[in-house]
Each structure stands twice: as C-alpha cells, then as structure tokens.
Amino acid sequence: MQLNTPSSPHIHSGYQLSQLMQRVLLALLPAIVLYVLFFGWGIVVNILIAVVAALAFEALALLLRKRPLAPYLGDYSAVLTAVLLALALPPLAPWWLIVVATFFAIVFAKHLYGGLGYNPFNPAMIGYVVVLISFPREVTSWLPPEAVSGQVVSFIDALRASFTGILGNGIPPDTLSMATPLDHVKTQLTQNHAISEIITGNGIFGQLAGSGWEWINLAFMVGGIWLIYKKVIHWYIPVAMLGTLVLISGLFWLIDAERYASPLFHLLSGGAILGAFFIATDPVTASTTNRGRILYGIGIGLLVYIIRSWGGYPEGVAFAVLLMNMLAPTLDYYTQPRVFGRGR
Amino acid sequence: MIRQLFRYKGGVKLSDHKQESSSQPIQKVTLPKRLILPLQQHIGAPASAIVSVGERVLKGQMIAKSDGHISAPVHASTSGRVVEITDFAIPHPSGLKAPCIVIESDGNDAWCDHRKPVDDCHHYTPEQIREHIRHAGVVGLGGAGFPSFLKLTVGSERVVETLILNGAECEPFISCDDRLMRERAEEIIKGLMVMQHALVAKACVIGVEENKPEAAAALRSAISALAVEVEVVEVPTLYPTGGEKQLIKILTNKEIPPKTLPIEKRVVVHNVGTAAAVYRAICLGEPLISRVITIAGAVKKPGNYEIPFGISAAQLLEQVGIEEESVERIIHGGPMMGFALNTLDVPLIKTSNCLLVTDPNTVPLRNKQLALACIRCGSCADVCPINLLPQQLYWHSRAKDFDKAQDYNLFDCIECGCCDYVCPSQIPLVQYFRFAKTSIWQAEQDKKQAELAKERHEFRQFRIEREKAEKKARHKAKAAKVAAKNVGADDKKKAIEEAMARVKAKKQQQEANVSASKTEPGDNT
Amino acid sequence: MLSAIIVLTLLATVFGLILGFAAIRFKVEGDPIVDQIDSLLPQTQCGQCTYPGCRPYAQAIANAEANINQCPPGGETTMLALADLLGVDPLPLGAEHQAEPEATVAFIIEDTCIGCTLCIQACPVDAILGAAKQMHTVIESECTGCELCIPPCPVDCIIMQPVKQETRNWKWPYPVQTLELRK
Ligand code: SF4
Ligand code: SF4
C-alpha cells in the first residue's frame, strides 16, 4: 500500500478564503440596497462595470504571471476590491473612470507587488486615489439623493449615463450633480459661513448628517458589526478608528460648534464607516497584531480628521488608509504580543 | 471547594469523534509471531542491546539497557528467541529505519522471574522508587515518551506543590486514556500515590476534559474507595488543553516559560497512562511492555486495544479489519499532531497512543497542496495557544530567513496545528515551522562540524610545518658534523656539540608537545 | 523658495553629522574580516575554490582577489551568507552547483586497499587512520567529504557515499505548493 505522508495537522476547519470574501461582500449588501433606494441604480452599474473589469484584469495579470486562473479568480478578492472601489466612486461616473481605477487597483497595486497577500497598499484605495488625482472633477461630482433632485435614475438611465454621459431625459448628469455633504461643508467653511448656516435649509443634509448618507452608513455599520460577530474581522480597527474620529471631532466641536462639524456628521457622512469596517480592515495591508490594529485604527481616525478639516481634500479616508499602510509593518514589529510563558 | 480555572489564550474547538472508539471496553489482541522492538522508544539516547541473536528471552526480561542519563531500557514483551538485531522502519515522520531487536515468540508468553512487587511504596525511599521505575522502562505515555523517572526527580531545594495527572486527552478520535480511566481508575490512583511519594508532592489534581464525565466519575469513586486525597477537576473541552503547559495554566494559572521544566514552578505533570504504568512497575513489579492504543477511523472494529510493544501496525490492523483500497492515510497519533506512516510494517511502541485510519468518508483530510497566499487575516494568531504570530513565522520560514523567524520565537511553537487548522488560505503552516526548525538544527550541526574540521586542518598544518622544521634541523646538524670533521678545530667541535644539544633538547620538547597535542588536538589551535 | 533650500540644506547637514557621529561612536568592533569570512565557509578544505583550503580562500575574498561564489560545498547558502556579510550583491553559482550539494563521506573498500598511505597524506583533516602496509579506514564523523583522497589512491579503492540519514539528522522537507510557482 502506498501511503503519502504530509505533515500534521491532517484535518482542517474547512474555512476558506473565498468564504471569507463572500461574507464581506454579503455584509455590504444592505448598504447597497439603501444606496439604490436613495440614489438610484447608478451604483449598481458602477459595481457591474468594476467587477467585470476587475475579473478581466485579474485574469490577464494571472496569465501574464503564469498562474492558474481558477483558484485565484475564485477567491473573490478581485470582486471585493471592485465592489469597494465602485462604492467609493460617484454613481453615474463614466465607465472609463471605473475601468481606469480598477486597472490601477488590480494590475498596479496588486499584481505588480506579487498578487494577493503581497501588496503593501490597499488596492481599492490606490485605484481610487489615482483617479481622484487625475480626474478630480469626475470623481467629486455626486448626484444628490433622488428625493432632492426629483430625478429618478433607473437601471437603463444609469447604464446610458455611464456610457454616453446622458441621462434618460437627455440631460447630462453633471448638470444635476452636486458636491457631497462633506465637500459642501468644507467649501462653505472656507468662505466663512457658520455650520448652522450651511446646514439649515439645504436638502442634501438630513437629520443626522448628509441626507441618505446617514442611513447608508448605518447599514454599512450593521454589516460591519455582523462581520465582527462572524469573526471575519476584528473589532480593534473599526472601534479605534471611529472612536478616535468621534473623540477628536467632538473635542473641536465642543470648542467651536460653528467652525467644526459635529462628531455625528463626521461619522455618518462620507466614507468613515465604510472605511472603518471594510477598507481599513483589509487584512493584507493592515497591521496584524491586536495592539498594532488599535494603533493603526487610531492613526487612520486622526488622519481622516486632519485631512477633512485642514487638508486639501474634503474626504480623507483613502489617504489616511494608504498612509497607515506604510506604517503597518513597523507597527507589527513593535507590537508583538507577549508569548506564553515569556516576559513575566 | 471548587477550584478556580484559568484560560490560556487561543485554542480551537474540534468535534471529538471519540464515541466510536470509547464505547467499547479495552480488548486484548492475539500475540503475533514476530515482535520488533526499536531501541529508541523514548526521548533521549537509544538503549543499547544486551542480548545477542539466538538468545532466549522471557517476557519482561530487559533486552536493552539505558545508555546515559536521559534514556530508558527496553524489555521483551513476550517470551521467545532473539532472531535479529538490525535496522527496521520505526514510527517516525521521516519513515527512516533505526536499530531494533526482533523477537520470535515461542507462544508461551512466559514471565521472567525477577518480578518484585512492592506492596507499600512507603517502605522505600523516593530514590529507590525512582530507580525501580527507571529500571522498568517507564516513559511518558501521553505521546512524547520522556523517561518518567526524570520527571519524578526533584532537586534538593525544590518543592512540588501540585502533581497533576493529565487526563485531558484533547485530540480528536483518541480515547485510550478515557477508557483507561473508566476501567482502571484504581490502578491510576495507586500509581498516582506512588508518584506523590516519589515527589513528596503536597497536592494531587487530575484534570479531565468535560467530554469524559464517565472517566471523572470512575476516578472519583476510586478515590473515595481508596480514601486518598486527590482532586478531580473537569476542564473545558478545548484543543490543545492536553498540552502540558496549557493544562498547568488552566489548573494553576502558572505559565511555564519556554525551555524550562514545570518543576521550576513547583508543578509536575504526568499522563494518566503513565500513572497506570507506574502502578504496574511498582505494585506488580512488571516493566512497561504493553499499553492501550486507540484504533479509530475507517476500521471495522474501532476501539481500544491492549497491545504488546513490537506488534506491527499491519498485524494489529489485520485483527481490527481495514478496507485497504479506500484507505488514504494511516496516522500514528491524532489528526492534529500525529504523523502519517509510509508503511504499515512499523512496530507500535511506547509512544503509540493511536492509529487513525482515514478514508474520504470517515476523516476528510485537508489538501495541503492548494494553499493560497497568506492574507494576514490573523486567524492563526487568534488561535495560537502560545500567542505567537504564525503569519510572521510563516513569512520568514518560507523565505528561509531563519534568524527573523527566531526573532518571532519560532522555537516556542509547540506544533499543535491550531493555526494550520483555521487558516483560510490552507497554508501548511506547521510544516513550514518544522522545516525551519529542523533546518536550523542542521545548520548548527554543520557549523559544529565545520569548526571541528577547521581545528583538525589547522593542527595538521601545524604538524606538517613542524615536521619540516625537524627535518631541516636534522640536515643542519648533519652538515655541521661533516664540516666539523673536516676542519677538526676544537672550538668548532665544541660549538657543534652545543648546537646538537640544543637541537636535541628542542626535539625532545617538541615530541612532548606532539604527544600532548595528539591526545588533545583541540588544545593546540 | 530660497528659505526652503536653506532649510533643507541645513537639515541635511545636521542629519549627516548625526549619522556620521553615530557611525563612529557605535562602530562594531568585530573579528578581523578574514576570520568572519572563514567562519562562514564549510571548512571542507577541498580546494575546489582554487585556493589550498578554506582559510586561504577567505584571505583571498578579504583581499578582493576572489569572488564569493567559488565554494561548491557551501552552495548557495554560503554564497548568500558571504554576500550578506560583505554587503555585496549575490553572484550566481556555476550551473553545476545550482542545487544544494548532497553531503558525502569517503569510504575505503578495505579488501582492495594496499596500505600505501597516500590518502593519509592527502587528507586535509587527518580523518584517515592507518599505517604503511596496513588497511586504512576513514573516520566517518571527521571526514568533510572533500574528495581529496580519491585521486592519489593507486588502486581506486576510495568511494564517496552519501552521509547516512538517521532520524536524528532528518530534516522536514520544504512544503510543496503547486499554486505558488514563485520561489
Ligand atoms: S490564518 Fe493563514 S492566511 Fe490568515 S494570517 Fe494566518 S497564515 Fe495568513
Ligand atoms: S502550531 Fe505553533 S504557531 Fe501554530 S498555533 Fe500551535 S503553537 Fe502556535
């Protein structure tokens, strides 16, 4: 009898990478549904374009690097990157913008560094930042919620807008588009308006933060908490990051509520929640020790606030994550846990 | 009083699969014709054979004596004739061969007559008891096989506060300790009492995992029947609670640092099987020649069997019945830490606690070749009972950057396999760690060898130089002699004589050096 | 603009001074470089590096007369260790030395041996025992596997054998992963 003799352990929990990625995707679903309810079908078109492009680029990169396709395409990591990227870009963004961003995410940020597991920077955020810097106008023109603009965006409309730049009724979407709440507050603040002045009477602000955004972000949070419950991600990074953001924004808000937006506004507008639960927790590029994760989260929270309040861009999650990515290996090195029986 | 339990970090919950084998009582096996007894069935130096081919031996007769302090003797597990002393495949992950004594049974199973039962160990000093246990070849039966008498030795200034018996048995499928506790609880307790006497231990605790309530109950009734003071503690079912240091942590909250023995923290742990073996060695005078082994998985009659050492896996499995065609792997030990056998022609020895026969239906094996990249998810670090960072160890071991791997405490890894078990990328982490560890050991060996070679080379060069110098001196002396004859001048003669005396003295001195350096070549460099 | 240049220049100077000071202040007083190189060599004393032994080769490397890839018994490991020590780029090994060399020891077929002592004279580490007209034996644990004893033997009775694998010196193999084609 010929028996083979690999090393122990001989059994496995059966938990697989693809399952992990699927769970993350599942956790994004409620927020995507709300997104469609508030902003129309644009985001779905975004996601579809990004996923198709990501899979195509992934396959191409794998072929060039002479890797088998099936196991790597089947790990859903490219799909997840694509969905996160699509969520970061405005709905009704032109198709080429999404394709360019995906290209940079998959080919440059991921495969040029050796593929999944070897990339030092979060691929989705690299893709986002590249298009943000190269095409600032396209990336920052967001549709207001349907309730505000009165414009209902159907799936066909969104598809047409993405490929032709024209909405269903013949108007180009950029005539409708507006700044995001974060953006709006920032520009108005620079023109010496007080917060209360900016917010009252403007339809893009809801009860808590940006209209529509508040609920989408809460849905992201629900998904994220489910991921923590399922042990897909750890609580350290989201809690540290959001905690820091709330603390520091609360501090400045208490000092001068007319110059600094409230913690709630910071939490629920823009990408803080999405970033905290889904982007900063990307295991490949985050810190991997528990204490390291806390420091990493605090760092991102701080940077987000600094960039939002004093930086050149209204939103800082992407830059904050990329900056902290650079620090992750160092954090790991200096935050090794106490080994059993040692150092007592 | 309910003992407060503590928790070590990490660990995994495994489905235990113990039912199939633990429901049957321990069964006897038919004695095979041939028994192969490896000289090394324990940790330490191999025993050295004291019988020769053709010699008749009796059951329980010592056939190999321990060689050095950390070693254990081997006894014949039945009566018969020694037919061979050569290399045979032994149960080891490498599948390599090692020296074994082969006994052909005469079928009488006749005991030798030097059994000296001790009815009350308290009539003997701890030293005498230890010597007896050492002589009986008792080693740890939990899997590692460390000679037991060493773990029954306390330094003069040390005190043992707690003597722990390990009945946790946390690996799936294995139930030999469970059955032993249920059926031979009294033997275990009596053995424990002997151990307590040898160690002068203050308290005795038996840790049993919660999934073995019958075993705990049996132990408790044996304790009250014998009217002794032993505490039975149910510990949570979690892998690897059966690890020595993990069990100590749970029961006493003491963490034993790496490379130190528990005794330094006043704790000693023995396996329940070892306690039963000590009982037999002391109270019955029988050396360690058999044990209980679990046969589980894809076999017709899973269960626990009392086997004589030296029976081969093939002989045993034939009695238990397996379907050869569907068998994928035969694991010696449990599925988490055991190793696969590459042949069934290996003898079962003192450390064989389980044979797990796998086929796709009973034990789904993991596929080690389909590993994806590490995504640094940290699942491995979450379950590591040692609180290591397996993802970092993996990164450096894979890159063969062994210094870095050691910075991350590679050698603290107990190879429990928890990290490997949960890794979503299915990376064979433990094999990487084993590769790294054994590579480092080998490099250290090579380094020592190289140093030795260098010393010898340098000595040789020194010797050649010296020989040359001697030759030269001889030539010079000769030439001087000739010259002196020719000239015949007195003063010159005198000078030559002086020179010759000098050379002679020098030579003598050198010779002395040579003999000194020959005995101790190392001192010369 | 000007102030930026001045600030940067100043900063660069300050840091340069700090670095320079640190380099002198914390200089590691190590073994002489030849000893360090020698300690990385396998001490086989085989002369395959074209130098008569490991130490002369170490000397040659230290004098920059020899390359770091000339030691076949050390293989890639030694070359990389040397590159690391000396802070130079790794050099490719000759094609024939790509794989890690298998450890071997010499063995004298005693029936054929005529006791000529030629091999004893060749052995760089005195690992061969014997006297004139007597059978010779290799002390296995001392033999470095340098093969220097093979050419002098007039009756070709010395063969190289792989070092016996025992459980004691067995090494777990590097895991095979079909998906990871990169090294
Ligand atoms: S569990 Fe596997 S994939 Fe996750 S960090 Fe550990 S080794 Fe990497
Ligand atoms: S095998 Fe080693 S690294 Fe992995 S969990 Fe066990 S102790 Fe930790």
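Across the interface of chain B and chain A, 22 residue pairs are in polar contact, with both members of each pair at pLDDT 80 or more. The model is a predicted one. Chain B contributes 64 residues to this contact and chain A contributes 38 residues. Between them, the two chains bury about 4,600 Å², and carbon and sulfur atoms account for 57% of that area. Three residues, B:Glu255, B:Ile375 and B:Arg376, supply 15% of the area that chain B buries against chain A, more than any other three residues.

Salt bridges also join the chains: the count between chain B and chain A is 3. In one salt bridge, A:Arg338 is paired with B:Glu255, and the closest N and O atoms are 3.1 Å apart. B:Glu255 is also one of the three residues named above for their share of the buried area.

Several elements of chain B each give at least two residues to the side that touches chain A: helix H6 (244-252), strand E15 (329-332), strand E16 (339-340), helix H10 (390-398), H12 and H13. H10(B) provides the largest share of this side, with 4 residues. By class, the side of chain B that touches chain A is made up of 34 nonpolar, 14 polar and 16 charged residues.

The domain assignment of chain A gives domain 1 (16-177) and domain 2 (181-330). Here 33 residues of domain 1 are in contact with 28 residues of domain 2. The two domains of chain A bury about 2,600 Å² between them, with 83% of it on carbon and sulfur atoms. Of the area that domain 1 buries against domain 2, A:Arg23, A:Asn122 and A:Met125 supply 19%, more than any other three residues.

Between these domains the rule finds 0 salt bridges, and the count of residue pairs in polar contact is 2, both residues being at pLDDT 80 or more. On the side of domain 1 that touches domain 2, the elements giving two or more residues are helix H1 (17-39), helix H4 (77-88) and helix H6 (123-134) of chain A. H1(A) gives the largest share of that side, 12 residues. The residues of this side divide into 28 nonpolar, 4 polar and 1 charged.

The two interfaces are set side by side below.

| Interface | Buried area | Share on carbon and sulfur atoms |
|---|---|---|
| Chain B and chain A | about 4,600 Å² | 57% |
| Domain 1 of chain A and domain 2 of chain A | about 2,600 Å² | 83% |

Chain B also supplies residues around two ligands. Among the residues that surround ligand 1 are B:Cys374, B:Cys377, B:Cys380 and B:Cys423. B:Ile375 and B:Arg376 belong to the surroundings of ligand 1 as well, and both are named among the three residues that supply 15% of the area chain B buries against chain A. The shell around ligand 1 has 7 nonpolar, 4 polar and 1 charged residues.

Around ligand 2 there are 14 residues, of which B:Cys384, B:Cys413, B:Cys416, B:Gly417 and B:Cys419 come nearest. Helix H12 (418-422) and helix H13 (429-487) of chain B are the elements that give two or more residues to this shell. H12 and H13 also each supply at least two residues of the side of chain B that touches chain A. By class, the shell around ligand 2 has 12 nonpolar, 1 polar and 1 charged residues.

Over all chains, the count comes to 35 salt bridges. One of them joins the side chains of B:Arg56 and B:Asp106, at 3.4 Å from N to O. This pair links distant parts of the chain, 50 residues apart: B:Arg56 is in strand E4 (residues 56-57), and B:Asp106 is in the loop between strand E8 (97-105) and helix H2 (126-135) of chain B.

Notes. Residues are numbered from 1 along each chain as its sequence is written. Chains are lettered from A and ligands numbered from 1 in the order in which they are written. This is a predicted model: local features need pLDDT of at least 70, side-chain atom pairs count only at pLDDT 80 or more; totals for chains, interfaces and linings use all residues. Side-chain values use heavy atoms; hydrogens and water are left out. Domain bounds come from an automatic or database domain assignment. Contact means heavy atoms within 4.5 Å. Buried area is the accessible area (1.4 Å probe) that two parts lose on being put together, summed over both. A salt bridge is a side-chain nitrogen of Lys or Arg within 4 Å of a carboxyl oxygen of Asp or Glu. A polar contact is a pair of N or O atoms within 3.5 Å; within protein, one must be able to donate a hydrogen and the other to accept it, and residues adjacent in sequence count only if both atoms are side-chain atoms. Ala, Val, Leu, Ile, Met, Phe, Trp, Tyr, Cys and Pro count as nonpolar, Asp, Glu, Lys and Arg as charged, and the others, Gly among them, as polar. A residue is near a molecule or strand if one of its heavy atoms lies within 4 Å of it.
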